[in-house]
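Student: I'd like a close look at one part of this model rather than a tour of the whole thing. Could you pick a single spot and walk me through what surrounds it?

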Amino acid sequence: MNPYEAYMKEISQPMRDELTNAGFTELTTPEEVDTFISETKGTSLVVINSVCGCAAGLARPSARESLNNEKRPDHTVTVFAGQDREATSRMRDYLEGYEPSSPSMALLKDGQVLHFIPREEIEDYEVEEIVANLTNAYNQYC
């Protein structure tokens, strides 16, 4: 690992921990993504994490807070854009019809996208608005 990669790994670890400590499973390889998509039944929240400010101040807090809803996804997973590039690319392959966006969130059922929140619906929104977007989707699909 070169010094830049080591630095980015160290700097991004708290950003990873913010979701994994909330119960999210981190998918770090394309194989883990493939296995998750092919074998997981039910609803899943997928968070495409990133180091940007809107991920820190909006996306991660919203994803965590949304799980306090009575209806919630069966599974929660995350991939890290810019860090686990191959895993993120593979997950994006499954998000057909949606432009690559980080951070972003998708609600899946049996591997199919039911609801997608791109960066444009995270950046410049309040946490409460993003949580409402997610919980409305949970109430409809979970």
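Student: Let's take Val 46: in which strand is Val 46 found?

Tutor: Val 46 sits in strand S2; strands here are DSSP runs of E with at least two residues, helices are runs of H or I with at least four, and both are numbered from the N terminus. Before going further, keep in mind that this is a predicted model, where local features need pLDDT of at least 70, side-chain atom pairs count only at pLDDT 80 or more, and totals for chains, interfaces and linings use all residues. Residues are numbered from 1 along each chain as its sequence is written, and side-chain values use heavy atoms, with hydrogens and water left out.

Val 46 counts as buried because its relative accessibility is 1%; buried means under 20% relative accessible area, exposed over 50%, and partly exposed in between, using a 1.4 Å probe and protein chains only. Its contacts (heavy atoms within 4.5 Å) take in Val 77, Met 91, Ser 104, Met 105, Ala 106 and Leu 108, leaving aside residues up to four places away in sequence. Thr 78 is 32 residues from Val 46 in sequence, yet their C-alpha atoms are 5.4 Å apart.

Now the sheet. Directly opposite Val 46 is Ala 106 in S4, and S2 and S4 pair in the antiparallel sense over 6 bridges; pairing takes at least two DSSP bridges between the strands. S4 is mostly covered, with 5 of its 6 residues buried. S4 also pairs with S5 (residues 112-117), again antiparallel, over 5 bridges, and there Leu 107 stands opposite His 115. S4 and S5 make a hairpin with 2 residues between them, and Asp 110 in the turn has a positive phi of about 50°.

As for cores, a nonpolar core is a set of buried Ala, Val, Leu, Ile, Met, Phe, Trp, Tyr and Cys residues joined through side-chain atoms within 4.5 Å. The largest has 21 residues, and Leu 45 and Val 47 are among those with the most contacts inside it. Elements giving two or more residues to this core are S2 (43-49), H3 (53-66), S4 (104-109) and H5 (127-141), with H5 giving the most, 6 residues. Val 46 itself belongs to a second, separate core of 15 residues, which also includes Ile 37, Val 79 and Leu 95. As a general point, side chains in a regular strand alternate between the two faces of the sheet.
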